[in-house]
Amino acid sequence: MGVLKVHQDRVNEETAEEMCKMCPFHAITYEGKKLEIGAGCRMCKACVKKGSSGVITYEEFQRPEIDKDAWKGIVVYAEWEDDRIHPVTFELIGKARELAEVNRQPVSVLLIGDKLGKAGEELRHYGVDCIYTYEDQRFLEFKASLYANIVENFVEKVHPSVMLFGATIKGRSLAPRIAARFRTGLTADCTSLEMKSNTDLVQIRPAFGGNIMAQINTPNSRPQLCTVRYKVFTAPERNEGADGIIKSMDIPEEKMKSGIEVLHRVEKPREVDLAEAETIIAVGRGIRTQSDLLMVKELAGLLNAQVACTRPLIEAGWFDARHQIGLSGRTVKPKLLITLGISGSVQFVAGMRAAECIIAVNTDKHAGIFDVAHYGFAGDLYEVLPVLLRQLKGGAK
Ligand SMILES: Cc1cc2nc3c(=O)[nH]c(=O)nc-3n(C[C@H](O)[C@H](O)[C@H](O)COP(=O)(O)OP(=O)(O)OC[C@H]3O[C@@H](n4cnc5c(N)ncnc54)[C@H](O)[C@@H]3O)c2cc1C
């Protein structure tokens with residue numbers, strides 16, 4: 001990586017005009033006797049290669065070689081709130097253990113909060129080597145800047161090679177702050193992770209609307225950071241034995257500064273998270289009118305299911321965004337998922353393919369959804385649904 005540098009002392013009317021004309025993206029402008037490169041620049045370097053010599057040069061960033069041996073272990077950031085460890089924490093521990101085997105690295109957990117005794121004890125049952133705790137009454141409320149100070153302190157002391165965060169509201173708020181403080185990379189919303197023998201983490205996530213799986217590396221900086229969606233990895237079984245060591249960390253007072261003060265807290269009614277639902281009925285554009293959703297909701301009531309949808313139904317204003325499954329929505333892993341009138345686009349399937357049992361209803365027998373479904377009805381949902389409702393209600397067939 002590098003930067004384009006404009007040498008203004010070599011710019012005159014003639015070279016400026018030449019440079020402006022040459023840029024295929026029209027990113028170079030000349031105003032007030034100053035040649036500038038704007039946001040449209042795509043770093044094609046045509047100006048360096050073909051322009052007047054020495055007016056614009058490309059300079060590589062000089063990064064000192066990182067000593068990878070000085071950064072060890074995989075650390076999972078554990079979310080702890082309202083007496084509950086967020087379940088994504090366990091999924092990340094499971095994956096971290098698998099990754100750690102490649103280079104025999106230790107797996108640890110970082111826990112920040114107030115009254116951590118119960119959480120620390122519980123985490124000892126999941127095969128981690130160490131649980132680092134930062135415990136203080138002032139951590140009761142999540143304040144991003146304060147928590148970032150503490151994670152920063154942890155990284156300075158422990159030098160982890162990898163840190164995994166859940167792609168939750170808190171994880172998404174914390175991880176970029178840490179990346180910025182250590183000038184290291186962060187890959188958001190990973191769906192897969194692999195470990196190389198040189199401790200480089202391969203961070204894999206869909207890109208370009210799900211059409212490719214990007215493999216992202218952070219070879220020149222540490223720690224390597226990523227966020228991972230809930231329900232992507234499998235949580236390990238809880239061990240009977242508890243072997244992780246709990247290590248209470250000193251909290252430097254200068255790290256306790258925060259520009260955020262919580263004045264009061266208003267509880268939001270807790271909604272059932274789609275990611276945690278055991279049964280989901282997902283609807284797509286095969287549903288003709290919004291009022292037809294009543295039928296779907298009735299079915300959901302009978303099956304004790306949550307109703308979800310594809311993106312076009314969010315765009316139509318029929319649901320709020322929390323109901324969307326897919327690449328730009330939620331990832332779900334229910335025991336049963338019934339899809340009604342959904343074609344099975346790559347973006348939708350990316351969020352649901354791990355469901356244990358998928359039943360699809362679609363009039364088009366060639367629809368892509370049948371490639372991932374375990375059971376399929378090539379038929380009209382308006383014929384299938386009434387029959388299903390009657391049967392579930394114990395009525396005539
Ligand atoms: C960057 C990007 C991100 C995206 N993210 C997401 C995402 O997270 N989630 C998402 O869902 N989409 C996402 N999309 C949109 C995605 O590409 C598809 O457009 C969308 O998933 C299609 O939704 P659908 O299956 O409801 O509609 P369609 O593709 O129009 O399919 C409707 C299906 O209903 C069937 N049908 C019609 N009538 C009946 C009937 N009476 N009975 C039974 N079947 C019937 C049809 O045969 C058809 O297969 C994204 C797109 C982009 C570009």
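This is a predicted model: local features need pLDDT of at least 70, side-chain atom pairs count only at pLDDT 80 or more; totals for chains, interfaces and linings use all residues.
Residues are numbered from 1 along each chain as its sequence is written.

View 1. Strand β2 (residues 28–31) and strand β3 (residues 34–37) run antiparallel and are joined by four bridges; strands here are DSSP runs of E with at least two residues, helices are runs of H or I with at least four, and both are numbered from the N terminus. Two strands count as paired if DSSP finds at least two bridges between them. Two residues lie between the strands of this hairpin, where Gly-32 takes a positive phi near 55°.

**View 2. The division of the chain into domains.** Domain 1 covers 2–60, domain 2 covers 68–256 and domain 3 covers 274–392, with bounds that come from an automatic or database domain assignment. Between the C-alpha centres of domain 1 and domain 3 the distance is 53 Å. For residues 74–262, UniProt lists "domain: Electron transfer flavoprotein alpha/beta-subunit N-terminal" in an unreviewed entry; UniProt positions are given in the numbering used here, feature names are shortened, and annotations may be inferred rather than shown by experiment.

**View 3. The parallel sheet of seven strands.** The strands of this open sheet follow the order β11-β15-β10-β5-β8-β9-β16, and their pairing is parallel. Because β11 (186–190) and β16 (245–248) stand at the edges with a single partner strand each, one side of each is left without a neighbour in the sheet. From one strand to the next the twist averages 25°, where axes are lines fitted to C-alpha atoms, for helices over the stretch in contact, and angles between N-to-C directions run from 0 to 180 degrees. Within the sheet, β8 (residues 107–113) and β9 (residues 130–135) run parallel and are joined by six bridges, and Ser-108 stands opposite Cys-130 in β9.

View 4. Helix α6 (residues 169–181) lies across β5 (74–78), β10 (162–166), β11 and β15 (224–228), and runs at about 165° to β15. In the loop between α6 and β11 lies Arg-183, which has a positive phi of about 45° although it is not a glycine.

**View 5. The antiparallel sheet of three strands.** Here the order is β12-β13-β14 in an open sheet with antiparallel pairing, and the edge strands β12 (192–195) and β14 each pair on one side only. Four bridges link β12 to strand β13 (residues 201–207) in the antiparallel sense, with Met-195 opposite Leu-201 in β13. The loop between β14 (212–216) and β15 contains Pro-223, which is joined to Arg-222 by a cis peptide bond with omega of about 0°.

**View 6. The shell around the ligand.** The ligand is surrounded by 28 residues, of which the closest are Gly-284, Gly-286, Thr-310, Gly-326 and Ser-343; a residue is near a molecule if its C-beta atom, placed from the backbone, lies within 6 Å of it. At least two residues of the shell come from each of α8 (311–315), α9 (346–349), β20 (357–362) and α11 (381–392). The shell divides into nine nonpolar, 15 polar and four charged residues, with Ala, Val, Leu, Ile, Met, Phe, Trp, Tyr, Cys and Pro counted as nonpolar, Asp, Glu, Lys and Arg as charged, and the others, Gly among them, as polar.

Key:
Two residues are in contact if their C-beta atoms, placed from the backbone, lie within 7 Å.
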